[in-house]
Amino acid sequence: MAKPNITPAFSANETASGLSTDTNAAPSSASLPWYQTAVSEKLNLRYPIIQAGMAGGGTTPELVAAVSNAGGLGSLGAGYMTAEQIREAIRRIRELTDRPFAVNLFIPEPYEVRPEDIAAMNEALGAYRRKLGLPEAPPAPDRYSEPFEEQLKTVLEERVPAFSFTFGQPSGDVIDRLRSRGIVTIGTATTVSEAVQLEQAGIDLIVGQGSEAGGHRGTFAVPHEQALVGTMALIPQIADRVRVPIIAAGGIMDGRGVAAALALGASGVQMGTAFLTALESGAHPRYQEELKRSTDESTTLTRAFSGKPARGIRNSFIADMERCEARIPPYPVQNALTRDIRQAAARAGDAEGMSLWAGQASALCRTEGAADIIRRTVRQVSELFGRLNA
């Protein structure tokens, strides 16, 4: 008896998440290529592969454009950029590609600045500052984060194709302003309840961020300890609850991860760590070295660098800060307090003082062009489904 065709086939009666969960639905009359999904259609992409918007300088215009030119969606991680820096980067990206791309920002969260917390943390950071030749008590920053409204204004004025965000949910007014300019919105959820909230708010696409993902957690509706759901468990549960197309993120480094995500109910994937060692990446060379020599046991979740839980490669700074965990102020205060240390450590090539954000599959990193990463990933997915259908 012939084997059934198990390549994901997407039809008009599918759920928006990419795979029908209705057992009574009529079968598709003809299978489409695996890369023709609700995500690729919505974003006008050749392949439903998104390069994550990783703030901090790794997502250079060259990286963003290379991913988009290769058929995916490049994303500018602009959370720490000024409005003018964002504008310059967008215009540079447009010089390099005429394909869709995204800009990623952080949704502001309420926080409190307490002088006693800052004094206690500066005391704890003193040893690192002395080691790096920095002032032990730097002046307080003028502001702890870039003004979101100014950043958003640039995104709106430049009419970027897609706007992705994390750390929360934009107001209805923000969503309406984005929609009025034809900008596709992409939100981040780490639980089913967060995904439901984003769908109810009118977000176009939802990234389901599994606990394996590198960098900051996008949790916003529950305590972060309750939102450490793995990608394999999270994606099918979100897909069963919302009709918005789902993008899987967390631990996806190659075609094997893409194929698994599609089987779980996603209509696309978001890959971050895989692009940090791309030739076009702006990640520090020392950072890239640590990624390539990491193992499955290298990463940990920490608040040490920013005050917000994030996954990165464990180093001395993380270990030292664990001894004063209760004294770490919230994001973005801690992020501002450690900035001089992170920057000085980078100048010195000292990985022990750098924030080395990485997902749990970082050991699969390679040094190659971004377009090669896309091509290799697409080839692997096609070969996998080809073998399964043989």
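**Close-up views of a predicted model**

**View 1. Loop between helix H5 and strand S4.** Arg159 is found in the loop that runs between helix H5 (148–158) and strand S4 (162–166). In this predicted model, phi of Arg159 is near 50°, a positive value in a residue other than glycine. Most residues other than glycine have a negative phi.

**View 2. Loop between helix H1 and strand S1.** The loop between helix H1 (38–43) and strand S1 (49–51) contains Asn44. Although Asn44 is not a glycine, its phi is positive, at about 60°. Asn44 is partly exposed, having a relative accessible area of 48%.

View 3. Helix H8 (residues 231–241) has as its buried residues Thr231, Leu234, Ile235, Ile238 and Ala239. These residues lie on the same side of H8 because they cover an arc of only 120° around the axis. They pack against strand S5 (184–189), helix H7 (192–201), strand S6 (205–209), strand S8 (246–249) and helix H9 (255–264). Exposed residues Met232, Asp240 and Arg241 are carried on the face of H8 turned away from its buried side.

**View 4. Open sheet of three strands.** The strand order is S7-S11-S10, with antiparallel pairing. Strand S7 (215–216) and strand S10 (299–302) are the edge strands, each pairing on one side only. Two bridges link S7 to strand S11 (residues 310–313) in the antiparallel sense; His216 has Ala310 in S11 as its bridge partner.

View 5. Tyr331 and Pro332 are joined by a cis peptide bond with omega of about 5°. Pro332 lies in the loop connecting helix H12 (316–322) and helix H13 (333–337). Most peptide bonds are trans.

How values were computed:
Residues are numbered from 1 along each chain as its sequence is written. This is a predicted model: local features need pLDDT of at least 70, side-chain atom pairs count only at pLDDT 80 or more; totals for chains, interfaces and linings use all residues. Side-chain values use heavy atoms; hydrogens and water are left out. Buried means under 20% relative accessible area, exposed over 50%, partly exposed in between (1.4 Å probe, protein chains only). Helices (H or I, at least four residues) and strands (E, at least two) are DSSP runs, numbered from the N terminus. The arc is that of the directions from the helix axis to the C-beta atoms. Contact means heavy atoms within 4.5 Å. Two strands pair if DSSP finds at least two bridges between them.
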